[in-house]
Amino acid sequence: MKNLGKIIIIFSLFATAIYANVVAKVYPKKVVNGEIATYTLTITGGEINKPLISTICGSNVLGTSSQTSITMVNNDYKKSYMLSYRFMPQKSCVIAPVSVEVDGKTEKSNSVKVNVGAAVQDKNADFLVNLIPSKKELYVGEPFDLQLVLKQKKDAQAVDSKFIAPD
């Protein structure tokens, strides 16, 4: 009899995890510094109040989109909302759970980790390009020098080696 109670509790916890109303994801999980990531909330339920999210991981939201789908199985309607938020993370962080009101109840999403790494160049490539600024911090409109360093292996063949200087 004790095992039956344990089985029922475990099954109810498992069923709750499968049929969660709010699921959060980030694509891609690993982001190179300066790239854009997409935070997606998938919400299942009838009536929802969309959360107002303006910053994620200390970065402003660059754009939002939403998608709604309705499925009917055996006269049972299910609405699913997918809310996407595009942002540019500057450092690795954990996105805290978001509270969403679904069918009059407050549901929370899962927390999501975002890994941000530095851009990596292949040291064995035939060509390497490196940009070196003269200053680390600038004001808007302040001029600065940018040095372009192009390295080419001795045996590497370039089809067309024209260079057009930027304005």
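Helices (H or I, at least four residues) and strands (E, at least two) are taken as DSSP runs and numbered from the N terminus.

**Figure 1. Overall view of the predicted model.** The chain contains one helix and 13 strands. Read from the N terminus, the order of elements is α-β-β-β-β-β-β-β-β-β-β-β-β-β. Of the 167 residues in the chain, 21% are buried. The accessible surface amounts to about 13,200 Å², and carbon and sulfur atoms account for 56% of this area. Among contacts between residues at least 6 apart in sequence, 56% join residues at least 24 apart.

**Figure 2. The largest nonpolar core, which comprises 24 residues.** The members that touch the most other members are Tyr39, Leu41, Ile43, Ile53, Ile56, Tyr85 and Val114. Two or more residues of this core come from each of strand E1 (22-27), strand E3 (37-44), strand E7 (76-87), strand E8 (93-95), strand E9 (99-102) and strand E11 (112-117).

**Figure 3. Surroundings of Ile56 in the core.** When neighbours within four places in sequence are left aside, Ile56 is in contact with Tyr39, Val61, Tyr85, Phe87 and Ile95. Two of these partners, Tyr39 and Tyr85, also form an aromatic pair with one another.

**Figure 4. The aromatic pair of Tyr39 and Tyr85.** The count of aromatic pairs in the model comes to one. The rings of Tyr39 and Tyr85 lie 6.4 Å apart, centre to centre, with 35° between the planes.

**Figure 5. A nonpolar patch on the surface.** The patch is formed by Phe127, Val129, Leu131, Leu138, Phe144, Leu146, Leu148, Leu150 and Phe163, which together have about 870 Å² of accessible area. Strand E12 (127-133) and strand E13 (146-152) each contribute at least two of the patch residues. One of the members, Leu150, lies in strand E13. Leu150 has a relative accessible area of 55%, so this residue is exposed.

**Figure 6. Asp155 in the segment after E13.** Asp155 is exposed, with a relative accessible area of 62%. The C-alpha atoms of Asp155 and Asp126 are separated by 8.4 Å, while the two residues are 29 residues apart along the chain.

Note on methods: Residues are numbered from 1 along each chain as its sequence is written. This is a predicted model: local features need pLDDT of at least 70, side-chain atom pairs count only at pLDDT 80 or more; totals for chains, interfaces and linings use all residues. Side-chain values use heavy atoms; hydrogens and water are left out. A nonpolar core is a set of buried Ala, Val, Leu, Ile, Met, Phe, Trp, Tyr and Cys residues joined through side-chain atoms within 4.5 Å. Buried means under 20% relative accessible area, exposed over 50%, partly exposed in between (1.4 Å probe, protein chains only). Contact means heavy atoms within 4.5 Å. Patches are made of residues with over 30% relative accessible area and no salt bridge: like charges are joined within 9 Å, nonpolar side chains (Val, Leu, Ile, Met, Phe, Trp, Tyr) within 5 Å. Accessible areas come from the Shrake-Rupley method with a 1.4 Å probe; for residues, only the protein chains shown count as cover. A salt bridge is a side-chain nitrogen of Lys or Arg within 4 Å of a carboxyl oxygen of Asp or Glu. Rings of Phe, Tyr and Trp (its six-membered ring) pair if their centres lie within 6.5 Å; planes under 30 degrees apart count as stacked, over 60 as edge-to-face and the rest as tilted.
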